[in-house]
Amino acid sequence: MRLRLIGALGIVLTLIPAVAPAQPAVVKGLVQDGRDAVGVPYANVQLKGTTIGTAAGENGRFRLETTRTGSVVLRASAVGYDPVEHSLRLRAGDTTTVRFVLRAERVELDGAVVTGEAFSTGSPTESTLGSTEAVTTPGAAGDLFRALQSLPGVAAPGDGAGLFVRGGDVTETKTLLDQATVHHPYRYESPAGGSFGAVRPFLVGGTTLATGGFSAQYGDALSGVLAMESKDRPTESSRYVNLGLAAASLALDQPLVENTLGLRLSGNRSFTGLLFRVNGQHGDYATVPQGLDGNLGLTWDYGPTGQLKLFAFTRHNRIGVEATEGAYSGVYRGQTTNQLYSLQWTSQIRGWTVESSASWNAHTSTKSLGALNLSPTDQAAKLRVDATRKTDDRTLRAGGTLERRRYRFDGTVPTQPDVVTPDAPTRSIDQSLPATRAGGYAEIESSVLSSLVARAGLRADVHSRAGRPVVDPRVGLSWRVAPNTHLRAAWGLYHQFPELSTYGEHAGDNTLGAQSAQHVVVGLRHERENVLLRAEAYHKPYRDLVVRTGPSRYATDGTGAARGVDLFAKYGSFLGTRFNGWTSYSLLRSHRTQPRDRGTDLTLEQGPAPYDLTHQITAVGKVRVVDEIRVGGTYRYTTGQPFTPVVGTEQLETGTVLPVDGPVGSERLPAYHRLDLQVSYFWPFNRQQNVVVYAALNNVLDRANAVDVTYSPDYSTRRYRRTDFRRSVYFGLTLTL
């Protein structure tokens with residue numbers, strides 16, 4: 001729905017900060033081969049006796065953030081080398097540099113990412129953005145999803161937090177947390193994904209965003225995968241308090257049994273009324289956006305290689321806001337409750353590292369606007385197992401997924417999707433749709449030569465409502481053309497099953513099968529001290545896309561393609577260098593089959609995809625000015641989003657006016673510009689106690705960006721719906737005890 005809340009709510013809620021932890025201790029350095037003095041790619045670096053660790057990059061350099069302080073032992077290892085240990089003393093907020101020299105007869109390359117997949121945050125093999133870096137990105141205001149929008153290949157068409165990867169719809173990127181699928185990863189859901197990510201960033205220890213060519217490990221995703229891991233066991237007791245204009249948060253990190261069992265608890269209450277009053281924006285809301293959420297993490301390290309982790313979150317939000325859909329304006333009212341419970345087990349079994357999990361995700365909501373009155377419920381139970389075995393020159397991976405999902409519809413919906421006036425024709429829905437999805441994969445990754453790594457994988461998936469199974473072969477290569485430079489290429493087939501909500505709306509006899517895409521990716525990466533440069537080109541043709549063919553009817557008759565180039569340059573690291581920042585640029589061409597409404601008739605037509613954003617440029621910079629005062633800024637430019645104009649009308653006997661569309665995607669919104677600034681001051685008043693005071697000025701240029709198009713009731717007058725929340729301020733503080 002093109003609701004007005006996208007603009008106003010989108011900016012406002014991203015100002016609500018996450019609970020910020022203490023300044024972490026940072027360890028960075030180099031793992032080096034003692035024979036030829038080159039970096040050891042993807043060496044393991046770990047705090048001895050814990051599960052806290054990371055992996056070195058392609059040039060042997062690594063960076064590790066940890067809340068553990070005091071005396072520790074850091075261990076570096078790689079297959080084919082003797083491990084090396086260094087004793088260190090860590091302090092919160094300090095950066096320690098260390099160099100490991102490993103003795104061996106060969107260089108291990110089996111950890112190479114050969115898919116061209118990741119501009120990632122804290123992943124095992126790449127470290128483009130760490131969690132602290134992400135949430136301190138100006139304009140993101142503590143939201144991981146909005147920080148990821150600053151990376152190339154991820155479109156940000158307006159004020160929402162949705163991840164639109166390389167021309168794909170937001171539903172084409174799947175979100176995982178501890179192997180569990182988060183089926184509704186946004187708060188205040190909208191066509192732009194949502195206004196805020198569902199998972200707070202400081203609950204997450206590692207994040208990988210795969211934007212194309214990803215391995216056979218991941219299925220049921222046409223364009224991208226966001227894979228997150230919750231934080232491991234806390235090693236010290238800490239308490240956090242956060243107070244701001246729109247939220248109050250409390251958090252607790254508590255070791256329960258030394259080196260074995262630890263607990264993380266947090267809760268957040270959002271109340272945006274004060275924020276609206278301070279910024280003079282309150283009139284559109286019948287119920288101001290408000291919410292309550294709680295999170296729990298319990299980790300048991302029961303052995304040197306064994307871990308049991310329970311993670312749970314529950315979240316409730318509600319809103320009442322003036323909204324516009326087509327030619328109708330009224331009050332949209334919505335409430336949502338989202339719950340996720342995940343139990344993950346990690347162990348070593350006869351040389352295999354096995355990760356298995358059981359999860360349950362439930363999302364309930366009520367939505368009302370004019371003729372629309374719907375109460376959908378979405379529940380999913382999932383079992384997943386992934387097993388990895390590494391030898392001297394190869395890595396084997398295999399795994400499987402079994403998911404049982406049930407979607408229930410209850411209420412009334414308009415017969416014509418864009419016509420929601422109270423007297424519009426409607427149909428009643430009261431049905432429950434169960435479905436089962438199963439999938440499995442196998443993959444091998446091997447060092448062909450000393451500088452060449454190859455990967456080949458195959459996965460198969462079947463869906464109880466989608467007809468025949470699908471099979472996806474995927475391959476990739478990584479060639480080290482120089483000590484700090486890698487050339488990568490990947491090809492693969494990708495299938496995604498239609499959403500159960502689409503099956504529920506579909507009244508036709510035809511079966512909706514799996515949608516498909518082909519990924520062709522070629523990339524070049526260069527990394528050295530404090531500098532990362534990356535370029536990727538891709539081509540992604542689509543087949544069997546689900547398109548609307550009439551009222552309550554769909555078919556997999558859609559085709560399309562997306563192609564483009566992504567560029568990325570990054571310097572420094574947050575806390576590690578006085579200045580750090582990055583710039584990204586994306587060039588995109590995307591088109592696909594779309595419905596063209598001509599009153600009661602409908603035709604299918606090829607045109608620019610809704611998220612065909614030709615150019616997107618993002619620049620982020622952060623600098624430590626004096627002592628612990630830091631200033632940062634983010635500037636974003638995006639080509640205007642395509643839309644289908646209404647060029648006429650048709651009136652039914654009932655008096656209802658139906659729109660007649662012009663060519664699909666034939667017009668565009670004006671280009672999107674936005675500049676955000678922020679300043680923070682960090683004051684440590686004891687060894688583990690500190691206060692962070694922060695302030696943000698968003699949309700500094702006070703630009704009234706167009707985010708949608710609305711019409712008068714008779715469709716004779718068209719106007720842009722612009723960002724309701726213009727230049728705005730936010731401030732608050734975080735106390736760590």
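Predicted model: local features only at pLDDT ≥ 70, side-chain atom pairs only at ≥ 80, totals over all residues.
Me: Okay, why is Asp430 called exposed?

Reply: Asp430 has a relative accessible area of 57%, and the cut-off for exposed is over 50%, so Asp430 counts as exposed.

Me: And what makes Arg408 partly exposed?

Reply: Arg408 comes out at 37% relative accessibility. That value falls between the limits of 20% and 50%, so the label is partly exposed.

Me: What makes Arg408 and Asp430 a salt bridge?

Reply: A salt bridge needs a side-chain nitrogen of Lys or Arg within 4 Å of a carboxyl oxygen of Asp or Glu. For Arg408 and Asp430 the closest N and O atoms are 3.0 Å apart, so the pair qualifies. The pair links distant parts of the chain, 22 residues apart: Arg408 sits in strand β25 (residues 394–414) and Asp430 in strand β26 (residues 426–449). Strands here are DSSP runs of E, at least two residues, numbered from the N terminus.

Me: Why does Arg455 with Glu443 count too?

Reply: Their N to O distance is 3.6 Å, and the limit is 4 Å, so this one is a salt bridge as well. Arg455 lies in strand β27 (residues 452–463) and Glu443 in strand β26, so the pair ties together parts 12 residues apart in sequence. Both Arg455 and Glu443 are buried.

Me: Which residue does Glu536 pair with?

Reply: Glu536 forms a salt bridge with Arg166, with the closest N and O atoms 2.6 Å apart. Here the partners are 370 residues apart, Glu536 in strand β31 (residues 531–550) and Arg166 in the loop between β9 (164–165) and β10 (173–177). Glu536 is buried, and so is Arg166.

Me: How do you know that Pro376 is buried?

Reply: Pro376 has 5% relative accessibility, and buried means under 20%, so Pro376 is buried. Pro376 is in the loop between β23 (372–374) and β24 (377–390).

Me: What does Pro376 touch?

Reply: With contact meaning heavy atoms within 4.5 Å, and leaving aside neighbours within four places in sequence, Pro376 is in contact with His363, Thr364, Ser365, Tyr407 and Arg408.

How values were computed: Residues numbered from 1 in each chain as written. Heavy atoms only, no water. Helix = DSSP H or I, 4+ residues; strand = E, 2+ residues; numbered from the N terminus. Buried < 20%, exposed > 50% of the residue type's maximum accessible area, 1.4 Å probe, protein only.
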